[in-house]
Amino acid sequence: MIENNRMGLVIMASGLGKRFGGNKLVENLDNRPVIKWIIDITDNFFDKRVVVTRNKEVKALCDEINLECILHELPNRNDTVRLGLSSMMEDIDYCFFTPGDQPLIKKESIAKLIEKANDNPNKIVRTCYGDIVGSPVGFPKAFFDELLKLPEGKGGGWIAKNNSELLCTVEVQDEYELWDIDTVEDLKKVKSVLKNM
């Protein structure tokens with residue numbers, strides 16, 4: 001990592017899993033809870049990481065592996081962004097946000113995102129596959145204040161969309177890297193990809 005460009009990661013794990021019909025983040029996926037995938041994939045890439053969740057099982061899992069986790073009861077996506085960023089903003093220069101239910105993104109894609117952010121320290125960086133944009137999404141310090149004051153229900157993607165002239169994208173190798181798990185069908189799709197890997 002380039003000196004003075006300290007990287008943070010907020011793992012967004014506060015969804016209630018309504019469309020899934022339960023807590024998707026602790027569902028078993030190839031002998032690991034769904035959220036453990038993104039935790040493992042992003043290990044050793046960031047100076048600081050935090051999981052932000054409303055789920056006690058996720059908090060317990062993080063405690064087991066000594067990963068900082070904020071347990072809260074606030075309702076909106078902007079709350080999750082604010083809580084995660086507030087916990088580390090004094091210690092980082094650049095912050096990425098990623099959902100806890102995106103298990104198939106590759107370590108190579110994470111490495112490319114960080115490299116792109118280091119090469120473009122004043123730009124917003126995010127993944128894409130062709131015309132489809134996805135997560136993780138990263139922001140330089142200049143956007144921290146705006147991220148802390150997001151409109152209700154909005155996430156970092158809202159800022160990225162409103163500042164498209166400052167956006168750099170990193171193309172992932174496979175479309176499934178951008179998939180997240182919203183439904184039981186999504187989980188089945190992810191399992192079938194893993195089976196064929």
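Predicted model: local features only at pLDDT ≥ 70, side-chain atom pairs only at ≥ 80, totals over all residues.
Reader: What about cysteine 168, and how many disulfides does the structure hold?

Author: The structure holds 0 disulfides. For cysteine 168 the nearest cysteine sulfur belongs to cysteine 128 and is 11 Å away, so against the cut-off of 2.5 Å cysteine 168 is in no disulfide.

Reader: What makes cysteine 69 and cysteine 168 count as buried or exposed?

Author: Buried means under 20% relative accessible area. Cysteine 69 has 12% relative accessibility and therefore counts as buried. Cysteine 168 also has a relative accessible area of 12%, so cysteine 168 is buried.

Reader: Which other residue has a positive phi although it is not a glycine?

Author: Aspartate 30 has a positive phi, of about 55 degrees, and is not a glycine. It is placed in the loop between β2 and β3 (32-33).

Reader: How do you know whether aspartate 131 is buried or exposed?

Author: The value for aspartate 131 is 81% relative accessibility; the cut-off for exposed is over 50%, so aspartate 131 counts as exposed. Aspartate 131 is found in the loop between β7 (124-129) and β8. Glutamate 171 is 40 residues from aspartate 131 in sequence, and their C-alpha atoms are 9.7 Å apart in space.

Reader: What makes the peptide bond from serine 135 to proline 136 cis?

Author: The omega of that bond, from serine 135 to proline 136, is near 0 degrees. Proline 136 is found in strand β8 (residues 132-140).

Reader: Why are the buried residues of α7 said to be on the same side?

Author: The buried residues of α7 are Asp186, Leu187, Val190, Val193 and Leu194. They cover an arc of only 120 degrees around the axis, so they are on the same side of α7. An α-helix has 3.6 residues a turn, so residues three or four places apart point the same way. The face of α7 turned away from the buried side carries the exposed residues Glu185 and Lys195.

Reader: What do the buried residues of α7 pack against?

Author: They pack against β2 (28-29) and α1.

Reader: How does the reach of α7 from first to last C-alpha compare with what is expected?

Author: Helix α7 (residues 184-195) has 12 residues and reaches 17 Å, close to the 16 Å expected at 1.5 Å a residue.

Reader: What makes α1 a mostly covered helix?

Author: Of the 8 residues in α1 (residues 34-41), 7 are buried. Among them are Trp37, Ile38 and Ile41.

Reader: What is the handedness of the crossing of α1 and α2, and which residues make the contact?

Author: The crossing is right-handed. The contact is made by Ile35, Lys36 and Ile39 of α1 and by Val58, Leu61 and Cys62 of α2. The axes of α1 and α2 (residues 56-64) come within 11 Å and cross at roughly 35 degrees.

Note on methods:
Residues numbered from 1 in each chain as written. Heavy atoms only, no water. Buried < 20%, exposed > 50% of the residue type's maximum accessible area, 1.4 Å probe, protein only. Helix = DSSP H or I, 4+ residues; strand = E, 2+ residues; numbered from the N terminus. Expected span 1.5 Å × (residues − 1). Arc of directions from axis to C-beta. Contact = heavy atoms within 4.5 Å. Axes fitted to C-alpha atoms, helices over the stretch in contact; angles between N-to-C directions. Left-handed = near helix turned anticlockwise from the far one by under 90°.
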